[in-house]
Amino acid sequence: MNHESTPGQTTAEVAERTLKGLVNRTRRSAWADYLPIVSRHVFTLFNFIVIPAAVALFYQGEWQAGISVTGTALINTIIGLFQDWRAKRQLDHLAILTATKARVIRDGQSCEIPAGDVVEGDTIMLMAGDTVIADGTVLDAKFLELDEALLTGESDPVRREKGATLLSGSMCVTGEGTYRADKVGDQAFAQNISSAARRYSYSSSPMTHVINWIISILSVTALVLCALYFTLYYLKLVSGDQLVLMIAATITSMIPQGLVLTATVSFTIGAVVISRRGALVQRLNAVEAMASVDVICTDKTGTLTTNRLRLDQIKILAADVPEAEVQRRLSLFATASIDQKNKNIQAICAAYGRHEATVLDQIPFKSQNRYSAVKLRDEKEERVFVLGAPEALIKGSVDWNDDLVKLQKTGLRVLLFAEVPSESVAATSFANATLPQNLRFVALVALADELRPDAASVLKALSAQGIAFKVISGDNPETVRATIAHLELPLSREPIVSGKDLAATKDLAAFVADHSVFGRVEPLQKVQIVEALQKAGWHVAMIGDGVNDVLPIKKANLGIAMGEGSQAAKTVSSLVLEKNDFAMLPETIEEGRTIVRNLRRGAKLFLVKNVYSLIIILLYATGVFGLPFPYLPQQVSLLNWLVIGVPAFLIALTRERSLVATRTSFLRDVGWFAVRTGIVFAVAGIAILALSKHVWLNDEKTQRTMLLSMLVLLGITNLHRALTDGNEQPIAADKFLFHLSFLVIPAYLIAMYWPFSAGFFRLTMLSVVQWLEVLLVAVPAYGLSVLSDRIRLDNKPARISGNPPIRG
């Protein structure tokens with residue numbers, strides 16, 4: 001592009017505007033990014049209720065309970081703050097390495113700078129695949145068309161001429177131009193959308209929404225119970241000291257604040273681990289989406305292939321044009337084309353060099369048209385050249401169709417090069433961007449793309465995880481067929497259908513289910529395929545690298561962009577394979593599944609306690625059996641740390657892979673486990689309290705100690721069942737945690753028999769006979785909980801008929 005007409009700003013002008021703060025960044029303190037983290041962990045409902053209760057406990061002299069309650073809130077807050085702060089620093093560092101770039105003109109020269117360094121008044125260059133990073137005015141436009149779907153919802157590209165206004169967040173789909181940055185930073189319409197997508201931010205996933213919903217319900221339940229205690233206090237059925245202890249114990253036992261901490265730690269650690277390996281997580285909910293993916297849709301080019309095209313051969317169709325002249329004309333066309341980022345154009349230029357000519361007019365390439373055209377002056381003669389997909393240019397039958405099919409069956413990408421006869425050139429106009437008439441076919445241009453050497457092994461690894469694979473390509477079906485034939489997988493032997501077949505079908509869902517390879521598919525048809533799969537119950541990942549992949553990437557449950565892809569594709573994706581390494585996809589998905597599996601296991605530990613605590617407390621409130629309040633605040637803390645909080649945290653840190661897609665809903669899986677187990681444990685708890693009081697005639701302190709002892713033992717069994725409840729075989733990490741869990745027993749015995757800790761937790765030092773009495777209730781409860789594992793809800797997710805996942 002000629003920079004003489006738009007020399008841009010000088011270095012001095014840029015420096016002056018930078019000092020004035022007229023840069024494309026939000027004006028905020030660096031600490032401003034940390035304030036939401038502090039707020040999220042400090043100002044919680046749990047802390048809001050617990051802190052006043054702790055103050056009241058200290059005031060009444062219940063310092064053991066006060067320390068316990070305060071310690072629980074403080075430790076949860078500190079760990080959450082540390083993990084979130086650490087994740088932000090690490091992900092922000094990775095984001096700097098992959099930040100959005102902008103090409104600007106300064107001092108008459110083009111240079112590439114971070115988008116955040118653009119200043120007001122900068123002249124920014126725009127080409128196909130670029131994102132508009134600041135609001136501005138078009139200074140120069142050559143066939144410039146923008147996709148403003150992310151701003152307006154309109155999917156059709158919009159033509160922009162000189163003087164038009166551009167809004168940040170729109171994307172260039174074809175042509176090129178320059179624009180002046182009129183509004184930057186806070187003033188821009190979509191403040192630096194690309195960088196904002198990459199900068200670390202906490203976004204709730206569907207699972208965390210469910211967890212927050214559960215916590216809200218439990219919090220309301222706890223508040224209702226506290227209101228009930230006030231009623232008992234008003235009726236003088238409990239004393240003021242008892243009231244405060246009951247409120248504190250109820251809050252710490254009914255609100256699973258550690259579950260929120262576990263979820264935060266799981267997702268943030270997962271995002272860091274995955275990003276360090278070269279797959280940048282742009283949204284934390286992508287980690288959860290990885291766990292449920294069971295079908296991947298992808299383009300052929302750039303994923304299964306390397307997208308490094310080279311010109312393999314040309315087949316001359318015009319007998320009167322020598323091959324050398326055909327090569328020269330191809331070079332003229334490629335040199336004049338505005339689509340210099342197009343891989344086809346680059347391959348032709350690499351093969352035949354560049355031949356300059358005066359460009360008079362042209363039609364840029366668009367996926368919807370599948371061709372491009374150039375009108376130029378070659379020395380003194382005007383010429384019109386067209387290059388595109390044969391199907392787009394051929395209007396009838398041709399006698400060289402066999403040659404075309406033969407080339408396509410070799411896996412080569414075949415384009416048709418044509419020209420307008422010299423006598424019709426003068427009358428040819430591109431005013432309506434329509435295909436010129438009366439084309440004369442000059443040559444078939446065959447381009448080769450190298451299949452990734454690890455493509456077959458990647459697909460086999462994905463198949464081993466139960467993931468199906470669908471190839472959605474814009475190339476000719478025969479070319480796609482020949483390419484995947486080298487994979488030596490069942491996928492390569494399936495019938496290939498075209499976009500025309502897709503458009504003609506009456507049952508889109510069944511058609512998509514029955515086929516795995518699609519050729520000559522238009523961009524909107526990619527969206528239709530993704531939607532059809534989602535409606536049939538599949539969880540879809542979409543991999544793309546071009547502007548035409550933006551909408552399906554955005555529509556998919558998990559949008560994945562290749563690192564060498566367009567900025568537009570990377571902006572809307574949840575995950576970017578920055579190293580462009582297709583082979584890391586199975587490992588990345590495994591990591592996501594592992595994180596969600598661990599979180600679900602940890603959640604089972606927390607919610608079981610909430611169920612049995614609620615039942616026992618409600619029974620206490622009714623006065624049936626004359627039972628004491630089940631436990632004191634410090635006893636709840638001891639129970640939490642021994643068999644719930646610490647084990648759940650260790651589970652979240654395990655990194656051994658899960659190969660099973662998480663399809664069952666969180667509530668169905670975790671909720672049903674918690675309900676059936678919690679009911680069994682509650683019955684056992686009521687039984688041991690009643691027996692201890694009415695049969696064994698123990699005092700209230702001993703009654704609570706026996707209940708706590710039984711719950712600790714059952715908590716160990718609960719951990720074992722949580723690790724094995726599901727379809728996966730136990731892994732090494734499960735066995736390690738299984739053995740490690742028995743350390744809970746000596747830890748609890750120390751708490752009981754060391755005088756200081758026994759006094760702190762108000763535990764009775766149980767005799768051997770009393771331990772046998774605890775086991776008398778605990779063993780049957782364990783047996784019933786194991787039997788309850790056989791009572792399962794219908795776990796079968798909705799599936800569609802069609803081909804099973806590929807098997808290597």
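Begin by selecting Leu605, Val608, Lys609, Tyr612, Val643, Ile644, Phe681, Leu711, Gly715 and Asn718, the residues that line the second largest cavity. A cavity here is a set of points, on a 1 Å grid over the protein atoms alone, where a 1.4 Å probe fits but cannot get out, and lining residues have an atom within 4 Å of a point. The structure is a predicted model, in which local features need pLDDT of at least 70 and side-chain atom pairs count only at pLDDT 80 or more, while totals for chains, interfaces and linings use all residues. Residues are numbered from 1 along each chain as its sequence is written, and side-chain values use heavy atoms, with hydrogens and water left out.

**Around the cavity**

The space in this second largest cavity is about 70 Å³, the volume being the space filled by probe spheres set on the points, which are joined across faces, edges and corners. The count of cavities of 30 Å³ or more comes to 7. Now colour H24, helix H25 (633-653) and helix H27 (700-724), each of which supplies at least two residues of the lining; H24 gives the largest share, 4 residues. Helices (H or I, at least four residues) and strands (E, at least two) are DSSP runs, numbered from the N terminus.

**Aromatic pairs**

Which arrangement do the rings of tyrosine 612 and phenylalanine 681 adopt? They form a tilted aromatic pair, 6.1 Å centre to centre and with 45° between the planes. Rings of Phe, Tyr and Trp (its six-membered ring) pair if their centres lie within 6.5 Å, with planes under 30 degrees apart counted as stacked, over 60 as edge-to-face and the rest as tilted. This pair links distant parts of the chain, since tyrosine 612 belongs to helix H24 (residues 585-622) and phenylalanine 681 to helix H26 (residues 666-695), 69 residues apart. Both tyrosine 612 and phenylalanine 681 are buried, where buried means under 20% relative accessible area, exposed over 50% and partly exposed in between (1.4 Å probe, protein chains only).

Next, select tryptophan 754 and phenylalanine 756, whose ring centres are 5.5 Å apart with planes at 50°, so this pair is tilted. Tryptophan 754 counts as partly exposed because its relative accessibility is 48%, and phenylalanine 756 is exposed, with a relative accessible area of 52%. The structure holds 9 aromatic pairs, and Tyr229, Tyr620 and Phe629 form one aromatic cluster.

Move to threonine 123, which is found in strand S3 (residues 123-127) and counts as buried because its relative accessibility is 6%. Leaving aside neighbours within four places in sequence, its contacts (heavy atoms within 4.5 Å) include Thr6, Arg103, Leu139 and Tyr179.

Then go to cysteine 172 in strand S7 (residues 171-183). Is this residue buried or exposed? Cysteine 172 counts as buried, because its relative accessibility is 0%. The C-alpha atoms of cysteine 172 and glutamate 145, which are 27 residues apart along the chain, are separated by 6.0 Å. Beyond neighbours within four places in sequence, cysteine 172 is in contact with residues including Leu126, Asp130, Glu145 and Val547.

**The whole chain**

Finally, show the entire protein chain, which has 31 helices and 21 strands. Of its 808 residues, 58% count as buried. Among contacts between residues at least 6 apart in sequence, 73% join residues at least 24 apart.

Note on methods:
1 Å grid on protein atoms, 1.4 Å probe; cavity = no way out; pocket = protein on both sides within 12 Å on 5 of 7 lines; lining within 4 Å.
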